Amino acid sequence: MSKITDEQKIQEILKQYRKNIDDIDDKIIDLLVKRFAQINQVASIKNAHNLPARLPNRIQEVINRNTKNAKNQDINAEIIKEFYTQIIESSIELENELLK
């Protein structure tokens, strides 16, 4: 069997996995759109009550809840912590823009 044929077989095997990953990524984007829509609502409430975008206790609560969930599902909690830290920072930036 030639290397090219092996490569073609591998690519064919990977094709469905890549499609599944792409479908999951699409769902993640859909969920992030919904999350940021909620951030818009939260910013309106914070603005009406003179609350800052950054609430350290809430940030820690979100990170703790999601890293605990990751550990319970055998996902690397550090990766989830980094992921949510980035989402939270982006959310705070959005809120700050909306609070102007």
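Which residues make the nonpolar surface patch of about 260 Å²? The close-up views described below take up this patch and other local features in turn.

The model is a predicted one, in which local features need pLDDT of at least 70 and side-chain atom pairs count only at pLDDT 80 or more, while totals for chains, interfaces and linings use all residues. Residues are numbered from 1 along each chain as its sequence is written, and side-chain values use heavy atoms, with hydrogens and water left out.

**View 1. The nonpolar patch is made by Ile-24, Ile-28 and Phe-83.** Patches consist of residues with over 30% relative accessible area and no salt bridge, where nonpolar side chains (Val, Leu, Ile, Met, Phe, Trp, Tyr) are joined within 5 Å and like charges within 9 Å. The areas come from the Shrake-Rupley method with a 1.4 Å probe, and for residues only the protein chains shown count as cover. Ile-28 has its place in helix α1, which covers residues 3-48; helices are DSSP runs of H or I with at least four residues, numbered from the N terminus. With a relative accessible area of 35%, Ile-28 is partly exposed, and Phe-83 is likewise partly exposed, at 38%. Here buried means under 20% relative accessible area, exposed means over 50%, and partly exposed lies in between (1.4 Å probe, protein chains only).

**View 2. Asp-22, Asp-25, Asp-26 and Asp-30 form a negative surface patch.** In the assignment of charge, Asp and Glu count as negative and Lys and Arg as positive, whereas His and the chain ends are not counted. The place of a charge is taken as CG of Asp, CD of Glu, NZ of Lys or CZ of Arg. Asp-26, one of the four residues named in the title, is placed in helix α1 and counts as partly exposed because its relative accessibility is 48%.

**View 3. Phe-83 and Tyr-84 form an edge-to-face pair, with ring centres 5.4 Å apart and planes at 85°.** The structure holds one aromatic pair. Rings of Phe, Tyr and Trp (its six-membered ring) pair if their centres lie within 6.5 Å, and planes under 30 degrees apart count as stacked, over 60 as edge-to-face and the rest as tilted.

**View 4. A salt bridge joins Glu-95 and Lys-46, whose closest N and O atoms are 2.8 Å apart.** Because Glu-95 lies in helix α3 and Lys-46 in helix α1, the pair ties together parts that are 49 residues apart in sequence. Both Glu-95 and Lys-46 are buried. A salt bridge is defined as a side-chain nitrogen of Lys or Arg within 4 Å of a carboxyl oxygen of Asp or Glu, and by this rule the count comes to four salt bridges.

**View 5. Arg-54 and Glu-89 form a salt bridge in which the closest N and O atoms are 2.9 Å apart.** This pair links distant parts of the chain, with Arg-54 in the loop between α1 and α2 and Glu-89 in helix α3, 35 residues apart. Arg-54 counts as partly exposed at 39% relative accessibility, and Glu-89 is partly exposed with a relative accessible area of 28%.

**View 6. Within helix α2, Arg-58 and Glu-61 lie three residues apart, about one turn of the helix.** The two residues form a salt bridge, the closest N and O atoms being 2.8 Å apart. Arg-58 is partly exposed, with a relative accessible area of 45%, and Glu-61 counts as partly exposed at 46% relative accessibility.

**View 7. Asn-50, in the loop between α1 and α2, has a phi near 55°, a positive value in a residue other than glycine.** Asn-50 counts as exposed, at 71% relative accessibility. Asp-74, found in the loop between α2 and α3, also has a positive phi, near 60°, and is a residue other than glycine. Its relative accessible area is 75%, so Asp-74 is exposed.

**View 8. Val-62 lies in helix α2 and counts as buried, at 8% relative accessibility.** Val-62 and Thr-85 are 23 residues apart in sequence, and their C-alpha atoms are 9.1 Å apart in space.

Technical notes: Helix = DSSP H or I, 4+ residues; strand = E, 2+ residues; numbered from the N terminus.
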